[in-house]
Amino acid sequence: MTASQPWTPDQPIVRIADVYKSFGAVEVLKGVSLNVMKGEVICIIGPSGSGKSTLLRCINALVPIDRGSIQVEGLETHDPKLNKLELRKKVGMVFQQYNLFPHKTALQNIMMAPVTVLKQDKAEVEVRARVLMKKVRLEGKEHSYPGELSGGQQQRVAIARSLAMNPDVMLFDEVTAALDPETVKEVLVTIRDLAEEGMTCLLVTHEMGFARELADHMYFTDRGVIVEHGPPKEFFSNPRDPRTQEFLSQIL
Amino acid sequence: MTTPETGINLTYFYDSFDRARMIGGFFMTIWLSLVCLFFSTIIGVVGAWLQGSRFVWTRRIAQGYIQLFRNTPPLVQMYFFFFALGNLLPRVKNEYGYLEPLFDNFTWAAVSLSFFAGAFNVEIFRSGIEAVPESTREAAEALGYNRLQAYLYIVLPLAFRVCLPALNNNLVNLVKTTTLAYAIAVPELLYVSNQIWSDSVNVPEMMVTLLVLYVALVGLLVWGMHRWERAIRVPGYGT
């Protein structure tokens, strides 16, 4: 594993090189490489079990990798000497099941990490948290508990909670997969707003229409390898690999 | 002296010496209970944290502690602390120049009962901790929480809500078990009652008094715990 290197914005903000990962005997990632530039939106699609979620989890070191290298802004994410907090300040993550803290209100969920982890001033964080609530269109729900919010609302709180840490890269792991069809849109709109503001986004998604519209680059993974990638126009209209063709024909 | 009309002799109503003993015993029981409630809960929280440690020996020590204190009678534990450990420790000179044990009988009662109830509390907290989904912990980790921060701010508050009913039971048991301190002459309720009935031969009266007082004491604890349970209840989570 290489050590962390200085990073300049003209280099990829996320650099994944030849990553291998096994869970026991199951090899989930078999030599995955991809680069993401600052401000890019990339979408990763593929059948379940193809390693997409594991790849996202490797990027912020929730899952250790076996071989290869992942760098975020030059930080080698699997360097044992790495201060994990430095990495997690740069990378925000939103999960399929929202994973809000059920004992805290929406506003508190957003405020908790900056206050307890970053030791930021509570009053200042609260001002920012209220702005974020507005940004995800949840004004008035500040004092609701997650149990009182719909799935789509919870997911938007989860997005705001990640944003409160001021990340440079956002990871979205099938964030609409657990939602009712009518609430999917409100979450996608929130993500689109973010992408349009220039946030670097990596999405694992099944929302093909959304991916086609928003992504700068598409990746198709199957059985732990990237089978095909390219700009969405080309990727959707003219897939070259038979596995991509089959997957797209099933899903579209 | 027996009241001629009823034959019921409640000495603490007319004998100021007995009354003082009774009140002293009552507050001794309350004080011993509070000390043990506090320390056994701390032991439970810390022990459950150690049980989830990455280091195998930390986990083994926590497990060994639980086995030792859960599988032995609390009276034997108290005797062990008071007679065995107490005798092994050095003696210190008191204010009159006499040699005294380092710790008095109250301290040993508090220590042994805290460890006894603490062993159960560890298991109770563990059950609550295991009810917190791994994904919630993962979310905390992704937000930069370290293991201790995630435990203190997220896992423990959620675990508490799940395990409060079980914790309730154990703490009720603890308050009742403080009567064992009688055996090492801590002047708590049972001990002073015994002194009174030895003096006045009013055993049935004192027994009934004891029962009534414990019903009231434990009732108060249960009432408080239920209020607490309601106060920290959040919509859509736990009991």
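Me: How do helix α2 and helix α5 of chain B pack, at what angle and how far apart are their axes?
Reply: In this predicted model, helix α2 (residues 16-51) of chain B and helix α5 (residues 105-130) of chain B pack at an angle of about 45 degrees, with their axes 6 Å apart. Axes are lines fitted to C-alpha atoms, for helices over the stretch in contact, and angles run from 0 to 180 degrees between N-to-C directions. Helices (H or I, at least four residues) and strands (E, at least two) are DSSP runs, numbered from the N terminus.

Me: Which class of orientation is that?
Reply: α2(B) and α5(B) are therefore oblique to each other; angles under 35 degrees count as roughly parallel, over 145 as roughly antiparallel, 65 to 115 as roughly perpendicular and the rest as oblique.

Me: And what residues make up the contact of α2(B) with α5(B), by class?
Reply: That contact divides into 17 nonpolar residues, eight polar and one charged. Ala, Val, Leu, Ile, Met, Phe, Trp, Tyr, Cys and Pro count as nonpolar, Asp, Glu, Lys and Arg as charged, and the others, Gly among them, as polar.

Me: What is the secondary structure of chain B as a whole?
Reply: Chain B has nine helices and two strands, in the order α-α-α-α-β-β-α-α-α-α-α along the sequence. Its C-alpha atoms fill a box of roughly 75 × 45 × 30 Å along the principal axes.

Me: Changing topic: how many residues does each chain give to the contact between A and B?
Reply: Chain B gives 19 residues and chain A gives 21 residues, two residues being in contact if their C-beta atoms, placed from the backbone, lie within 7 Å. On the chain B side, α6 (134-142) and α7 (147-177) each supply at least two residues. That side of chain B has 11 nonpolar, five polar and three charged residues.

Me: In chain A, is helix α1 enclosed or open, and why?
Reply: Helix α1 (residues 52-59) of chain A is largely enclosed by the rest of the structure, because seven of its eight residues are buried. A residue is buried if 20 or more other C-beta atoms lie within 10 Å of its own, exposed if 12 or fewer, and partly exposed in between, with C-beta atoms placed from the backbone. Among the buried residues of α1(A) are L55(A), L56(A) and I59(A).

Me: What is the strand order in the sheet of chain A?
Reply: The open sheet of four strands runs β2-β1-β4-β5 in chain A, with antiparallel pairing; strands pair if DSSP finds at least two bridges between them. The edge strands are β2 (26-36) and β5 (75-76) of chain A.

Me: How are residues and chains labelled, and what limits apply to the model?
Reply: Residues are numbered from 1 along each chain as its sequence is written, while chains are lettered from A and ligands numbered from 1 in the order in which they are written. In this predicted model, local features need pLDDT of at least 70 and side-chain atom pairs count only at pLDDT 80 or more, whereas totals for chains, interfaces and linings use all residues.
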